[in-house]
Amino acid sequence: MSTVPRIVILGAGYGGVLTALRLQKELNYNEANVTLVNKHDYHYITTHLHMPAAGTDDPENARVNISKLIDEFKIDFVKSTVVQIKPTEKKVILEDGTLSYDYLVIGLGGESETFGIPGLQEYALNIRSINSVRLIREHIEYQFAKFKREPERKDYLTFVVGGAGFTGIEFIGELADRIPKLCKQFDVDPSFVKIYNIEAAPTALPGFDPELVEYAMQVLTNKGVTFKIATAIKECKPDGVVLATGETIKSSTVIWTGGIRGNRLVEQAGFEAMRGRVKVDPYLRTTQNENVYIIGDCSLMFNDQGKPYPPTAQIAMQQGVTCAYNLVAAIRNQPMREFKFDNKGVVASLGKGEAIGIVFGKKMKGGLAAFMKKLIDLRYLFIIGGIMLVLRKGKF
């Protein structure tokens, strides 16, 4: 019987891909059998999805074929959907088979958190995948086409974005840029188009620098966005939203960007979870199973102030690197490394040529921040695919 340890990685998001690529680099041939499982045969760049969703970029630019990233002699790729995780049996049930493991890495990504708001699950659209952003883009174009046939239906041209976090703000920046082109294409008076951004928290971009938030809101307001801050959505209906203030906004397009929870499969596996996120030890292992590592949106880690880290791409990438290091250490009976988050900064785009950010402790806004955002995107492409991927996907 083979004694080569079996490592199974679930999910090819930021954390899963970085784990696989680092294992590919660090492990010797036949030192471990590594299997990467993903329901698509491509990795998609989540932080880029707001652009194709608004129609300002091609969805193809947000995805990379997994076969272009991995060495098939070191990593087995299985295209399948995870149905169940059985940690006591060290098995993963897929829709078309079963995988056994010695070490498991769960990087399945998150799901939209609706906070129990009625109707959001049924009637709102989400920016969560390549297919979901294709749907949003086509849906928006369809509203303009329908308006030409029913010009009394102003709700066709009313767009409601729930949530003013990074995804919501970046999406409305792109959407506001796209609207003039759609108006010209469909011969629609731009004054008929309304974009509402609704946020329950007392500020847009909660936790971000107030000066930069004010700048961002001014840029977007100048582009035609109407903000309703400190205002919760009470209910989502087929024909719009009802706000906690009692106001109703009639709209055929509600896009929800208001929160992320962990994957329900993690809860169903029996791990102790909070909204689908599992508390992990400093080495990224679950407290119940030392051979199970959880990274990305499904992991719950706390900073020095006792607050949970937000589920960001930057954290998932760094977790992937540490996770791979610790897997190699476990196999070789060497000391593990504790995960320490190195916050290199954050940048939020506000549409073409505009952004805000804090990078290495310095505030940035306008064109400089937009350029920095592009550099961050190029750096990620280089990390996962080298210069050839940068040349293929990194368009200025």
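**Entry 1: the cavity**

I began with the lining of the largest cavity, which I find made up of Arg277, Gly296, Ser299, Met301, Tyr309, Pro310, Pro311, Thr312, Ile315, Ala316 and Gln319. I note that the model is a predicted one. Searching the whole structure, I found 1 cavity of 30 Å³ or more, and the volume of the largest cavity comes to about 60 Å³. I then sorted its lining by class and got 6 nonpolar, 4 polar and 1 charged residues. Helix H8, residues 313–332, gives the most to this lining, with 3 residues.

**Entry 2: H1 against H8**

I next turned to helix H1, residues 14–26, whose axis comes within 7 Å of that of H8, the two crossing at roughly 40° in a right-handed sense. On the H1 side I list Tyr14, Gly15, Leu18, Thr19, Arg22, Leu23 and Glu26, and these meet a set of H8 residues that includes Ala313, Ala316, Met317, Gly320 and Arg332. By class I have 11 nonpolar, 3 polar and 3 charged residues for this contact. Ala316 of H8, listed in this contact, is also one of the residues lining the largest cavity.

**Entry 3: H1 against H9**

I also looked up how H1 packs with helix H9, residues 367–393, and found an angle of about 40° with the axes 10 Å apart; H1 and H9 are therefore oblique to each other. Tyr14, Val17, Leu18 and Leu21 in H1 meet Tyr380, Ile383 and Ile384 in H9, and I count 7 nonpolar residues here, with no polar and no charged ones.

Terms used. Residues are numbered from 1 along each chain as its sequence is written. This is a predicted model: local features need pLDDT of at least 70, side-chain atom pairs count only at pLDDT 80 or more; totals for chains, interfaces and linings use all residues. Side-chain values use heavy atoms; hydrogens and water are left out. On a 1 Å grid over the protein atoms alone, a cavity is a set of points where a 1.4 Å probe fits but cannot get out, and a pocket is an open set with protein on both sides within 12 Å along at least five of seven lines; lining residues have an atom within 4 Å of a point. Grid points are joined across faces, edges and corners, and a volume is the space filled by probe spheres set on the points. Helices (H or I, at least four residues) and strands (E, at least two) are DSSP runs, numbered from the N terminus. Ala, Val, Leu, Ile, Met, Phe, Trp, Tyr, Cys and Pro count as nonpolar, Asp, Glu, Lys and Arg as charged, and the others, Gly among them, as polar. Axes are lines fitted to C-alpha atoms, for helices over the stretch in contact, and angles run from 0 to 180 degrees between N-to-C directions. A crossing is left-handed if the near helix is turned anticlockwise from the far one by less than a right angle, and right-handed if clockwise. Contact means heavy atoms within 4.5 Å. Angles under 35 degrees count as roughly parallel, over 145 as roughly antiparallel, 65 to 115 as roughly perpendicular and the rest as oblique.
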